[in-house]
Amino acid sequence: MNNFADLTTQNDVAIITINNPPVNALSPGVPQALVAALATAEKDPAVRAIVVIGGGRTFIAGADIKELELAASGRGSGPPDFHRILASIEDTSKPVVMAIHGTALGGGNEVAMAGHYRVAAPGAQIGQPEVNLGIIPGAEGTQRLPRLVGVAAAVDLCVSGKPIRAPEALKLGLIDRLIEGDLLAGAVAFAREIADRGGAPRKTRELNDKLGSEFVDASIFSAGRDQARKTRRNMLAPLKAVDAIEAAVNLPFDEGCKRERELFEECIASDQARALIHAFFAERAVAKIPDIPKDTAVYNIRQVAIIGAGTMGGGIAMACANAGLPVLLKEVEQAALDRGLATIRKNYENSVKKGRFSQEIMDQRMALIHPQLTYDGFDQADAIIEAAFESMELKKRIFGEIDKIAKPDCVLASNTSSLDIDQIAAVTSRPGMVIGLHFFSPANVMRLLEIVRGKATGKEVVATALAFAKKLGKVGVVVGNCPGFVGNRMLLPYMREAQFLVEEGATPEQVDRALTNFGMAMGIFAVDDMAGVDVGYRVHQEYKHLEKPGARLPLVLEKLFHLGRYGQKTGAGWYRYDENRKPTADPEVHALIEKTAREAGIERRAITDDEIVERSMYVMINEAAKILEEGYALRAADVDVVYLTGYGFPAHRGGPMWFADTVGLKKVRDRIAEFQAQHGDAWKPAPLLDKLADQGETFASWDAQHDAAREQAAAMV
Ligand code: T1G
């Protein structure tokens, strides 16, 4: 029998400890156990106050998202309803004190707010992240939160979904005391103090002084909606969260809760909720590698050495320093080293200016980065990351050098975005210690880390890379060693298709507008200009040998390259840029495209935004289906995580593979076949896509089958 709520007493104070590892989610049975424990404590005449605390590393991290997943897909018994547990807590006649450590998120904070008082450890994080799952708080949080922290703060917490730390929660009135040291002892003492004060417990539902009025709060709500539209483009839930908080101001508590419930149910029934809940679990699944058990030994990365202080090397150095790791940063010449360090300093200064962290933190991080022109100290490094220019010859020379210097258990990694890891590993005496760590620019910001597993890469090294990613606050996705790995291998046909679309009649700005309306963080031409048209051109040249003989190739990029239009860095690329790097459409580019198309005999026509989105997304999905069947990605969900965390794919669409499932694989495949008829065999549907479409299957069901098969196989080993 699960003991979800363990009841003990310390003299006149009852202590209820929630036990549902790993994060004390409100899974079925947990609310009921808490209600039962409360009832027992309520009846015990010796008990004058009650403390509720989380067992293990955290307070309650919310409702059980697995239950929400069932509800969102119309399976299970519908979305959980916590009204009874909340009322039981609030209506307890003895003061109930919530003791928070780790996290109190979503339903966890809602349970805490139903308590009469809240105390927390200084490091605790409290918030309403439901919008990250495409839903709104559904346990009366939108009604209690504004009563505790005021309407504006409640709107911000629910629209941003970002948790706050306990000291700020104290300032806002969300908690009543910070407890340094032993949280339980402090909470019990606090509860006893409250009991000594006597009087009826303070019910949050009755606290109305911070609600203001419909008139007073109107500007807060419109600002909240603007914030939602700006920071959460195309997402429903943040706007509905504002509606629910508005109900808290305009309606009595119980009616406000009913309104919240209606809005909550609208959200959980949406495609966006299904997509975002998929993304939540997909991001956690990427760390599960079938043939690398959880307890695989990992090398302890305490010191990192980086070769190359350019854009990538500098960003990687910052990511390491931000995680508290000392970094040796090597360049070949002083000028390049000075440039790299100046960029790092400028980036940190911008963060200090924006109030992201203090000057003191900046100084600490700069002090962790040791610029140098030699390999001194590289023999002590636990990991060496090569981030030099993208040339196989240069990388082979560097790996030959570090192979002679590095200590035996040092992980040797390359930040190559496209080159063959096996070839690089082969020049060393320890190919098992070689791995690809493909960071994304800016490397101190982008969450994705493609972990490229070579033929010889040891399992401990893969496990070490996953742990290293987590240490840097990144999402490590293990991918196979094919040209462009997963992300760039899909990006290439996407880029190519976008260029064909402008040759056939669209404009770069029309393509980018259609893509951003679809939800992409940036249009593909804006991305090309940011990354550099020269870089894009070199990558195209690098991959040309992979194209089938006679295959159609894009024509304009080469012309832009030879015109020196490298994008933002030269003030002109597909767009023209002002001194603030603001893009404007460039008639010169339009003319160049029209002339190029005419000379190539390409017939131009009006192109719809739908066609732009279909060709851009379906060409990626088709390539990803090939990547899956060739085994270069473990799951379709991994592909989704790559595009969600590294390529600005809209989270509310769940990633390219989930999006394909939402459209329906038969429809996607049939449309691809139409494009094949119109544009040639580059559009030939991938065999896996054909098979799943014919069987009425999805990429999600393919993942489930494969995960099950792999687990079975791993269990046999
Ligand atoms: N439900 C079910 N499983 C959960 C879970 C949850 N709420 N949170 C985490 N897990 C699992 C996760 O899948 C993983 O499993 C393991 O726990 C460790 O998680 C009514 C409706 C708490 C900050 O959105 O943000 O309440 O992979 O790897 O990095 O209004 O987990 O090991 O099998 O992420 O230390 C609102 C979600 C729900 C919080 C810990 N709550 N969780 O991070 O560990 S909606 C959330 C997190 C809600 C109410 C509504 C993080 C964390 P596995 P992890 P971590």
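**Strands, loops and a pocket**

Modeller: In strand S14 (residues 411-414), Leu 412 is the residue that stands opposite Ile 384. This is a predicted model, in which local features need pLDDT of at least 70 and side-chain atom pairs count only at pLDDT 80 or more, while totals for chains, interfaces and linings use all residues. Residues are numbered from 1 along each chain as its sequence is written, and side-chain values use heavy atoms, with hydrogens and water left out.

Ile 384 belongs to strand S13 (residues 383-386). Helices (H or I, at least four residues) and strands (E, at least two) are DSSP runs, numbered from the N terminus. S13 pairs with S14 in the parallel sense over four bridges. Two strands count as paired if DSSP finds at least two bridges between them. S13 also pairs with strand S10 (residues 304-307), again in the parallel sense over four bridges. There the bridge partner of Ala 305 is Ile 384.

Buried means under 20% relative accessible area, exposed means over 50%, and partly exposed is in between (1.4 Å probe, protein chains only).

Another buried residue is Gly 340 in helix H14 (residues 334-353). Gly 340 counts as buried because its relative accessible area is 5%. The C-alpha atom of Gly 340 is separated by 5.6 Å from that of Gly 310, although the two residues are 30 apart along the chain.

S7 (residues 125-127) and S8 run antiparallel and are joined by two bridges; Ile 126 has Ile 164 in S8 as its bridge partner.

Some backbone angles deserve a check. Most residues other than glycine have a negative phi, and most peptide bonds are trans. Asn 11, in the loop between S1 and S2, has a positive phi near 55°. Asn 11 counts as exposed because its relative accessibility is 67%. Arg 581 has a positive phi of about 60° and is found in the loop between S18 (576-577) and S19 (583-584). At 47% relative accessibility, Arg 581 counts as partly exposed. A cis peptide bond joins Pro 21 and Pro 22, with omega about 10°; Pro 22 is in the loop between S2 and helix H1 (30-43). Ser 441 and Pro 442 are also joined by a cis peptide bond, with omega about -5°, and Pro 442 is in the loop between S15 (434-439) and S16 (448-453).

Last, a pocket. On a 1 Å grid over the protein atoms alone, a pocket is an open set of points with protein on both sides within 12 Å along at least five of seven lines, whereas a cavity is a set where a 1.4 Å probe fits but cannot get out; lining residues have an atom within 4 Å of a point. The second largest pocket has a volume of about 730 Å³; grid points are joined across faces, edges and corners, and a volume is the space filled by probe spheres set on the points. Of its 27 lining residues, the closest to the centre are Arg 496, Glu 547, Lys 548, Glu 623 and Lys 626. Helices H19 (487-503) and H25 (609-629) each supply at least two residues of the lining, and the largest share, six residues, comes from H19. By class, the lining has 11 nonpolar, three polar and 13 charged residues, where Ala, Val, Leu, Ile, Met, Phe, Trp, Tyr, Cys and Pro count as nonpolar, Asp, Glu, Lys and Arg as charged, and the others, Gly among them, as polar.
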